[in-house]
Amino acid sequence: MNFSLMNLLADATATAGTEAGAVAAEEMSASATLIYYAVQFVPLILIFVVFWFVLIRPQRKKDKEAKEMLKNLKVGDRICTIGGIYGTIIKIKDEVLTVEVGEAKTQLMFARWAIRNVEQLSVTNDSEQLI
């Protein structure tokens, strides 16, 4: 015995025998079909919501913070490039930064997008410089 919603509606239509019963069963069948499709889409919607909060939203926040950091670069900032080079910004001209690197004060030019982060601590050991 199969007791699905569609079978029960068909049985109700057959037993009703009247036109009003057939119309009511057809309306119930249409609403049951609508509910069936709505229930099928709920998992897809939930998956999208989870992806939004777990993947998309945090990445957008991280990108926004990176853009803000690049916009706020100024002369004198200690930076690290995406290549791992540490230095101090000595000149900024549009999207090109001149960075002073190492003990010999070598000057290198980098694109603004090539800066990974602004360092808060000095890279060299202060105690070694005092000796």
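**Reading the salt bridges**

Trainee: Does Lys71 count as buried or exposed?

Mentor: Lys71 counts as exposed, because its relative accessibility is 57% and the cut-off for exposed is over 50%. Bear in mind that this is a predicted model.

Trainee: Which side chain does Lys71 meet in a salt bridge?

Mentor: Side chains of opposite charge can pair when their charged atoms come close. Here the partner of Lys71 is Glu68, with 3.8 Å from N to O. Both residues belong to helix α2 and are 3 residues apart, about one turn of the helix. Glu68 is partly exposed, at 40% relative accessibility.

Trainee: How many salt bridges does a search of the whole structure find?

Mentor: The search finds 3. Another of them joins the side chains of Arg112 and Glu95, at 3.9 Å from N to O. That pair links distant parts of the chain, 17 residues apart: Arg112 is in the loop between β4 (106-111) and β5 (115-118), and Glu95 is in the loop between β2 (86-93) and β3 (96-101). Arg112 counts as buried at 12% relative accessibility, whereas Glu95 counts as exposed at 52%.

Trainee: What does the side chain of Asp77 meet in a salt bridge?

Mentor: The side chain of Lys74, at 3.3 Å from N to O. A polar atom of the Asp77 side chain also lies 3.1 Å from the backbone nitrogen of Lys74.

Trainee: Where does Asp77 lie, and is it buried or exposed?

Mentor: Asp77 is in the loop between α2 (19-71) and β1 (78-81). Asp77 counts as buried because its relative accessibility is 11%, and buried means under 20%. Not counting residues up to four places away in sequence, Asp77 touches Asn72, Gly87, Thr88, Ile89 and Val118.

Methods
Residues are numbered from 1 along each chain as its sequence is written. This is a predicted model: local features need pLDDT of at least 70, side-chain atom pairs count only at pLDDT 80 or more; totals for chains, interfaces and linings use all residues. Side-chain values use heavy atoms; hydrogens and water are left out. Helices (H or I, at least four residues) and strands (E, at least two) are DSSP runs, numbered from the N terminus. Buried means under 20% relative accessible area, exposed over 50%, partly exposed in between (1.4 Å probe, protein chains only). A polar contact is a pair of N or O atoms within 3.5 Å; within protein, one must be able to donate a hydrogen and the other to accept it, and residues adjacent in sequence count only if both atoms are side-chain atoms. Contact means heavy atoms within 4.5 Å. A salt bridge is a side-chain nitrogen of Lys or Arg within 4 Å of a carboxyl oxygen of Asp or Glu.
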